[in-house]
Amino acid sequence: TKKFVLVQHFGGLPKPSDFKIVEETLPALKNGEILTEAIYISVDPYIRAYSVRMSPGDTITAFQVAKVLESKHPDYKPDDVIVGSFGWRTRVITAPDGQSKEIVSAKPYKLPDLGGLPLSLGLGILGMPGCTAYFGFLELCDPKPGHIVVVSGAAGAVGSHVAQIAKHIGCIVIGITGSDEKVKYLLDELKLDAAFNYKKSDLATSIASIAPKGIDSYFDNVGGEISSIVMYQMKQLGRVAVCGSISSYNADARSLPKVPILQPAIVMKELIVQGFIVLRWANRFDESIIQNLKWIKEGWLKYREKVFNGFESLPECFIDMLQGGNIGKAVVKL
Ligand code: NDP
């Protein structure tokens, strides 16, 4: 079996040479363990953000949709399709009840019957990013019909999902994203009320033209300058769910962008700002998966994926996602 390990800590944007494939031979299965084979492996921004906690030689952390090949655990049987934090590995032995070595982990769980939808959705809209959108937005942003909601990273896995839930509730939704193609996708396919390319637009003026009285809630995937601009345009007691800050994941301390100090906006507008990690709701993931599956079947919750083929393409897929190559979820099919 194969795994990708970290060769050296990333300096800025990861490079293919920061990763190396290592062959390993797995031992015999012990009681309480399962042997799984990857079907899809995920690339997620947190891999970059948490890489500082990894050491050279460590296997790259990630979720997989995997098939159980062998089981010595009563809750899993061969051919079960499960989601687990198994890393960038072709096959792995894990003890579902034991302590995972992965930085972000959840107990492996079976996917519900997806009714013919691709199993890769277990890594996106029906997986960790889907739970992030569902709980992060609904629990922290208190959306109501007519609210003005801004979503950054709006064409990505989490952002495109949040934007659609907000539209469905009846909010006025403004998406911020990084290309004209993505702006078009947000307007034409996801039917957002407005969408802006942060690389080209004067965001402050563009947002003010749609929301002259301010923004009710902001779902923040990117941080940095974009978020500073948005937070100065919030309404009194506006809500900010701080989900991620991808604009700084590749920056080292010396090259961090200089952005306006946010405290005056937070104080004067009495903003309700809350960071979160989706694992807070790990014991409610079922609820989100079932609800999101229902919404897909109802026809209004749409998804896109950018699928790379082959285990070897994991670094390329990851680097592409960090540079905004994806609309929707980036994932690798084995
Ligand atoms: P996406 O599918 O959104 O992919 C990442 C996107 O980030 C790219 O497509 C790119 O889109 C955008 N991006 C890259 N660099 C920058 C930049 N400098 N400024 C602005 N945007 C940038 O990833 P996910 O949906 O998986 O994750 C989105 C965010 O949510 C991340 O910050 C992630 O860390 C966070 N997250 C947090 C969780 C939590 O528990 N708190 C759980 C899951 C995700 P573009 O072309 O628009 O620039």
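1. In this note, Ala, Val, Leu, Ile, Met, Phe, Trp, Tyr, Cys and Pro count as nonpolar, Asp, Glu, Lys and Arg as charged, and the others, Gly among them, as polar. The model under review is predicted. By these classes, the shell around the ligand consists of 15 nonpolar, 12 polar and two charged residues.

2. Of the 29 residues around the ligand, those that come nearest are Gly156, Ala157, Gly178, Gly244 and Gly324. Two or more residues of the shell are given by each of α1 (45-49), α2 (128-140), α3 (157-169) and α9 (314-322).

3. Six strands form an open sheet with parallel pairing, in the order β10-β9-β8-β11-β12-β13. The edges are β10 (194-197) and β13 (272-275); each has a single partner strand, so one side of each is left without a neighbour in the sheet. On average, neighbouring strands of this sheet are turned by 15 degrees against each other, direction ignored.

4. Within the sheet, β8 (residues 148-152) pairs with β9 (residues 172-177) in the parallel sense over five bridges. Ser152 stands opposite Ile176 in β9. Helix α4 (residues 180-189) lies across β9 and β10, and runs at about 175 degrees to β10.

5. Helix α3 is largely enclosed by the rest of the structure, because 10 of its 13 residues are buried. Among them are Ala157, His161 and Gln164. The buried residues of α3 pack against α2, β8, β9, α4, β11 (215-220) and β15 (329-333).

6. The length of α3 can also be checked. At 1.5 Å a residue, its 13 residues should span 18 Å, and the end C-alpha atoms are 19 Å apart, which agrees. After α3 comes Gly170, with a positive phi near 105 degrees.

Technical notes: Residues numbered from 1 in each chain as written. Predicted model: local features only at pLDDT ≥ 70, side-chain atom pairs only at ≥ 80, totals over all residues. Near = placed C-beta within 6 Å. Helix = DSSP H or I, 4+ residues; strand = E, 2+ residues; numbered from the N terminus. Pairing = 2+ DSSP bridges. Axes fitted to C-alpha atoms, helices over the stretch in contact; angles between N-to-C directions. Contact = placed C-beta atoms within 7 Å. Expected span 1.5 Å × (residues − 1). Buried ≥ 20, exposed ≤ 12 C-beta atoms within 10 Å, placed from the backbone.
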